[in-house]
Every structure is written in structure tokens, then in C-alpha cells.
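Hello,

Here is the structure I promised to pass on to you.

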Amino acid sequence: MTEKTGDAPDGAAAIGDSKRTYYDRSTSTFLPLAPIRSVAPAYISKANETPVLLSEPRKLLVILDLNGTVLHRDGAPKRTITPRPYLDDLLRYLFVSCRVMVWSSARPESVSAMLKRCFGAMQFRLDRVWSRDHFKLHEIDYQRKVLTLKDLEEVWEVYANEDQEKEASSLAHESNKGGRGTGPRASQGVFDQTNTILIDDSVHKTQLQPFNRLVLPNFHRERAQSGNDVELLKVMKYIEQLTRQQNVSSFVRLHPFESENDEYASESFVSETTTHFQDYINNEKKDRIRLRRIWRKERQRAREGLLPSRETEAEPTIDEQ
């Protein structure tokens with residue numbers, strides 16, 4: 001049972017108490033020195049909306065944890081890293097249907113090693129990679145086992161700022177060309193609780209946005225050695241449902257991810273799921289090839305003065321995996 005101690009307000013540990021204040025004594029996990037805020041009332045209000053099914057899927061922001069979630073890393077001295085089964089399938093699906101980033105509480109050098117071993121070249125397609133440096137930890141907390149909280153508000157703020165900078169750059173580019181552009185571009189990078197899912201193995205690290213998390217059974221050594229783990233296939237099926245939701249948090253509130261769901265129990269689940277998503281990826285690739293051809297023709301016509309400028313629009317990409 002989790003034991004929380006300390007006399008500082010809002011769950012914060014006074015620095016003088018740092019060596020004896022635990023968040024969870026059973027795992028020797030310390031309470032962070034910084035306060036732990038409550039779940040925001042505005043977040044709860046938005047999550048309480050009635051789920052609405054969209055007619056077409058849309059891109060979500062998917063945030064991946066590493067150790068214990070999509071891979072297993074043994075302790076010192078060997079530090080063997082084992083990818084969770086079907087990780088490649090998950091990544092290929094996510095990179096054609098979602099925006100993807102990594103957020104791990106491990107140190108930067110450890111994160112780099114895990115990505116190199118399990119993501120390979122696909123790591124360079126991640127939107128961003130956050131490690132222990134992105135938790136704003138006190139120096140004492142950075143050096144010890146402490147509860148690390150993944151506050152999605154920080155992620156959403158970064159994407160919003162990035163989107164504003166891109167829009168300003170686009171408008172400046174059009175202005176410099178004499179105003180022949182198509183006007184303000186559609187926002188591409190604004191994410192919030194309606195379109196974000198965090199995949200992790202800890203309910204504690206994800207407690208600030210409880211309806212934007214997908215919590216998996218920990219991928220520990222025994223699971224890694226068994227070779228029969230299919231959790232990431234289940235994740236793919238669940239995310240596919242989320243892409244058609246107007247508000248991810250309202251759907252997750254009513255229909256949280258359940259690893260033991262009967263939907264995943266059939267003998268044909270693995271074969272049917274892998275085939276379904278491979279067909280999806282192949283069809284998406286064909287569509288992107290078609291869209292790129294159209295984009296290149298329209299860009300050429302724009303350069304000839306027959307269409308508005310498309311110089312600020314990115315060329316459609318094609319998944320090479």
C-alpha cells in the first residue's frame with residue numbers, strides 16, 4: 001500500500017525531510033520536493049462531456065513511455081534491452097496515423113540507448129524525445145528514485161507554441177513574396193485532452209490527466225522471457241477506436257483500456273489484428289503516393305502562375321518502413 005508522508009503543503013516534501021519522505025515505501029520511491037497539484041477542474045469538466053463518434057479518423061498525439069511499457073531493460077551490469085513483441089507493428093501503424101513522441105523518466109543517455117536498440121531508424125521520425133531532463137526535477141530528485149509526474153499540460157504548451165511560430169513564419173514568408181499566398185494556414189500542431197493519449201505502465205506517473213492515459217501491464221523480465229505478450233496489438237486496436245473520437249478524454253473516462261477485454265481473447269486475435277493493420281498501412285501508403293503526385297503537379301502549376309503559391313506547404317511524406 002502506498003505510504004505518503006511529509007509535513008510540507010500540497011504533498012511536497014521539505015528539503016530537510018528529503019531522505020525520509022516516501023511516496024511509496026514498498027518500492028523505495030521518494031515523494032518529489034516540488035508540490036503535486038490536483039487534477040484541474042477544467043480538465044474534469046471537459047472529460048465529463050458525452051463522447052461523440054467522428055465519421056472519419058483523425059491524427060492523435062501518442063506519447064510513448066519506454067522501459068516497462070514498450071521494452072524491458074535489465075538492471076546493471078548487463079543492461080540488456082528487449083523490445084516488447086509487436087513494437088515494430090505498433091510504430092509502423094502510429095507513424096502513418098498519428099503524431100508520436102517519447103517521454104521517459106530515464107536519463108538522456110539511457111533513453112538514447114533504448115531508442116537505438118528498439119526503434120532503430122524509426123526514432124528519427126519521432127516528433128520529439130523527452131527524458132528525465134524534462135521533468136523540472138530538483139537536483140536532489142534528479143539523482144534518486146522519485147515519483148516523476150508526466151503533466152501533459154507541458155506537452156500541449158510546447159506544441160501550441162511551436163504551431164504559433166510556424167504560422168508566424170508562414171505569414172512572413174507570404175508577405176515577403178508579395179502576398180500571393182493562400183492566407184493563414186490551418187493549425188497542424190495544437191493538441192489537448194481531446195486528441196492525446198499517453199501510453200505508460202504507471203498509474204502514478206500519469207495521475208494528472210487520468211483520462212488521457214492507456215496503462216499497460218508492466219513488461220517485466222518474466223513477460224519478456226515468455227515471448228507471448230500481445231499487449232501492443234491490443235493497444236493498436238484501442239488507438240484505432242480513439243482516432244474516431246471527438247474527445248479522447250471523455251471516451252477513455254467511460255471506456256478505459258482493459259487488457260483482459262474479451263475482444264482480445266479469441267484464438268485468431270493475433271493473426272486478424274496483424275493482417276488488418278498491415279492492410280491499413282499499405283492502403284495509407286498508396287494514398288500518400290497519390291497525394292504526393294497531386295501535390296507536385298499543383299506546385300508546378302503554382303510556379304507557372306496558374307494556381308496560388310504552395311511553397312509554404314510541406315510535401316506529403318511516404319512511410320518507407
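**Aromatic rings**

Tyr264 is buried, at 9% relative accessibility. Keep in mind that the model is predicted.

Phe257 is buried as well, with a relative accessibility of 11%. Both values count as buried because the cut-off is under 20%. The rings of Phe257 and Tyr264 pair up, with centres 6.3 Å apart and planes at 35 degrees. Why is this pair called tilted? Planes under 30 degrees apart would be stacked and those over 60 edge-to-face, so an angle of 35 degrees makes the pair of Phe257 and Tyr264 tilted. Phe257 and Tyr264 also belong to one aromatic cluster, together with Tyr238, Phe251 and Phe269.

In total, the count comes to eleven aromatic pairs. One of them is formed by Tyr43 and Phe211, which are stacked, at 6.3 Å centre to centre and 0 degrees between the planes. This pair brings together distant parts of the chain, as Tyr43 and Phe211 are 168 residues apart. You will find Tyr43 in helix H1 (residues 41-47), while Phe211 is in the loop between strand E8 (196-200) and strand E9 (213-215). Is Tyr43 buried or exposed? With a relative accessible area of 3%, Tyr43 is buried.

Two arginines are worth a look too. Arg128 lies over the face of Tyr159, 4.4 Å from the ring centre. Arg144 lies over the face of Phe30, at 4.3 Å from the ring centre.

Enjoy exploring, and write back with any questions.

Best wishes

Note on methods. Residues are numbered from 1 along each chain as its sequence is written. This is a predicted model: local features need pLDDT of at least 70, side-chain atom pairs count only at pLDDT 80 or more; totals for chains, interfaces and linings use all residues. Side-chain values use heavy atoms; hydrogens and water are left out. Rings of Phe, Tyr and Trp (its six-membered ring) pair if their centres lie within 6.5 Å; planes under 30 degrees apart count as stacked, over 60 as edge-to-face and the rest as tilted. Helices (H or I, at least four residues) and strands (E, at least two) are DSSP runs, numbered from the N terminus. Buried means under 20% relative accessible area, exposed over 50%, partly exposed in between (1.4 Å probe, protein chains only). A charge sits over a ring if NZ of Lys or CZ of Arg is within 6 Å of the ring centre and within 35 degrees of the ring normal.
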